[in-house]
Amino acid sequence: MSIAIISIAKLLLLCSALALLIFSRTPSENGAPLAKTWTMPAVIVALLAFVLSLLWTVAPQEVALASIAKYGKLILVLVMMALIRDRREAMYALGAFAIAQLVTVLSSWLLFVGAPIPWASSRTSLTHYTVFSGYLDQGIMSAVFAALCWHLRGLTPGRFGPQIAVTAALVSLANVFFVLVGRSGQLVGVALISLAIMWQLPRKYRIVVAVLPFLLVVALFFSSPTMRERLTLLKTEVQAYSATQNSTTSSGVRIAFWQAAVQVVAQKPLIGAGVGSWSTEYDRLERAKNPKHQAINPGSNPHQEYLYWGVQLGIPGLLLFAAFLLSVLRDSTRMEVPYARAAQSAVLALAVACLFNSTLYDGLIGDFFCILIGLLLALGLTKPAGPPTLERVT
């Protein structure tokens with residue numbers, strides 16, 4: 001029931017935002033120049049491609065339409081940029097976003113020490129210390145939140161604002177590496193820390209970023225029991241799949257799905273199997289090997305966003321997803337340094353998370369990234385209230 005209420009609320013909110021854009025007679029002169037961005041055409045072309053694929057999709061109609069609705073969250077990126085009229089509004093919106101993330105992180109720590117949290121609605125709140133979602137989603141979001149706190153620490157109000165932001169970043173990272181068990185979140189955390197360290201180094205030393213992630217993983221392996229356990233389990237699961245083709249573990253399921261997804265892309269490289277076609281195509285391949293194969297959930301995914309776009313839209317789909325990521329990066333180069341680095345960190349986190357999950361397709365984590373990217377683009381591309389004082393990215 002709660003999921004249904006939230007979904008209806010999200011739909012009403014999106015409809016209200018679109019209506020405001022359509023009927024607004026006084027567009028802001030300080031807002032993000034949406035029409036001049038690379039992100040807008042990338043989002044529109046991607047959504048049109050999914051809609052067009054309805055003509056050839058092998059998925060049942062209700063599954064295909066549901067998949068289009070899930071990818072429709074990409075429009076939130078444009079909505080955030082269009083509705084936010086100046087940098088002051090962007091700061092308020094990002095502040096509200098940050099407060100919500102901070103409450104989530106602190107609540108997870110309270111669950112970890114055994115404190116009762118009445119608003120913790122996650123099914124794994126007592127076992128994995130998650131608050132509203134699963135450990136996979138929360139770990140990724142907390143790692144990204146830490147990067148935001150670090151890169152935008154200079155924007156935190158108050159005499160001790162930057163110190164508070166840095167503390168929040170450290171608390172969030174500690175939560176990811178020492179409390180939560182999500183390997184995707186831990187990997188995203190390592191990637192974002194490596195990127196932040198690279199930016200702090202002189203240019204001639206930035207090549208160290210090539211080995212830095214491995215050094216961080218080794219350090220965390222010996223310092224974090226949680227991460228050591230998860231990495232050891234990963235090795236065990238991969239070895240078990242290699243030896244016995246056991247696809248009942250988390251890693252085994254992913255490997256089996258990825259192999260099937262690659263096979264679908266190879267069979268239909270030009271236009272794919274159409275939107276929402278993963279379950280149908282996977283069942284087809286499995287039944288060819290085992291006629292008694294039981295159909296998987298129609299709304300499932302291959303746990304890899306890149307391959308999922310390839311399954312649905314062929315190689316052009318892979319290029320469209322890459323174009324979306326690159327378009328956000330391209331637009332971020334027009335921003336001042338703190339905003340650009342925050343936006344680029346978010347894109348890197350999304351790119352890494354999508355290697356192991358269908359991040360945009362999923363509900364909660366997909367909404368998180370679409371709203372965040374829209375907020376950061378709005379923050380960096382809108383005109384400041386006063387003369388700019390921050391260094392620009394070159």
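## Exercises around helix α5

The model you're looking at is predicted, so local features need pLDDT of at least 70 and side-chain atom pairs count only at pLDDT 80 or more, while totals for chains, interfaces and linings use all residues. Residues are numbered from 1 along each chain as its sequence is written, and side-chain values use heavy atoms, with hydrogens and water left out.

**Exercise 1.** Work out whether Thr 104 is buried or exposed, and find which residues Thr 104 touches.

*Solution.* 
- Step 1: Buried means under 20% relative accessible area, exposed means over 50%, and partly exposed is in between (1.4 Å probe, protein chains only).
- Step 2: Thr 104 counts as buried because its relative accessibility is 11%.
- Step 3: leaving out residues up to four places away in sequence, Thr 104 touches Val 131, Phe 132 and Gln 138. Contact here means heavy atoms within 4.5 Å.

**Exercise 2.** Describe how α5 and α15 pack, and say which residues make the contact.

*Solution.* 
- Step 1: know what to look for. Two packed helices are described by the angle between their axes and the distance between the axes.
- Step 2: α5 and helix α15 (residues 363-381) pack at about 145°, and their axes are 9 Å apart. The axes are lines fitted to C-alpha atoms, for helices over the stretch in contact, and angles run from 0 to 180 degrees between N-to-C directions.
- Step 3: on the α5 side, the contact residues include Ala 90, Leu 94 and Phe 97. On the α15 side, Phe 368, Ile 371 and Leu 372 are among them.
- Step 4: sort the contact residues of α5 with α15 by class, and you get twelve nonpolar, two polar and one charged. Ala, Val, Leu, Ile, Met, Phe, Trp, Tyr, Cys and Pro count as nonpolar, Asp, Glu, Lys and Arg as charged, and the others, Gly among them, as polar.

**Exercise 3.** Find which helices each supply at least two residues of the lining of the second largest pocket.

*Solution.* 
- Step 1: on a 1 Å grid over the protein atoms alone, a pocket is an open set of points where a 1.4 Å probe fits, with protein on both sides within 12 Å along at least five of seven lines; lining residues have an atom within 4 Å of a point.
- Step 2: 18 residues line the second largest pocket, and Leu 94, Gly 95, Ala 98, Thr 156 and Pro 157 lie nearest its centre.
- Step 3: the helices are α5 (87-112), α6 (135-151) and α7 (161-178). The largest share, seven residues, comes from α5.
- Step 4: by class, this lining has 15 nonpolar, two polar and one charged residues.

**Exercise 4.** Decide whether Gly 161 is buried or exposed, then do likewise for Tyr 129 and His 303.

*Solution.* 
- Step 1: Gly 161 lies in helix α7. With 0% relative accessibility, Gly 161 counts as buried.
- Step 2: Tyr 129 sits in the loop between α5 and α6. Tyr 129 is partly exposed because its relative accessible area is 21%.
- Step 3: His 303 lies in the loop between α12 (278-289) and α13 (305-332). At 25% relative accessibility, His 303 counts as partly exposed.
- Step 4: check the backbone too. Tyr 129 has a positive phi of about 60° although it is not a glycine, and His 303 has a positive phi of about 60° although it is not a glycine.

How values were computed
Helix = DSSP H or I, 4+ residues; strand = E, 2+ residues; numbered from the N terminus.
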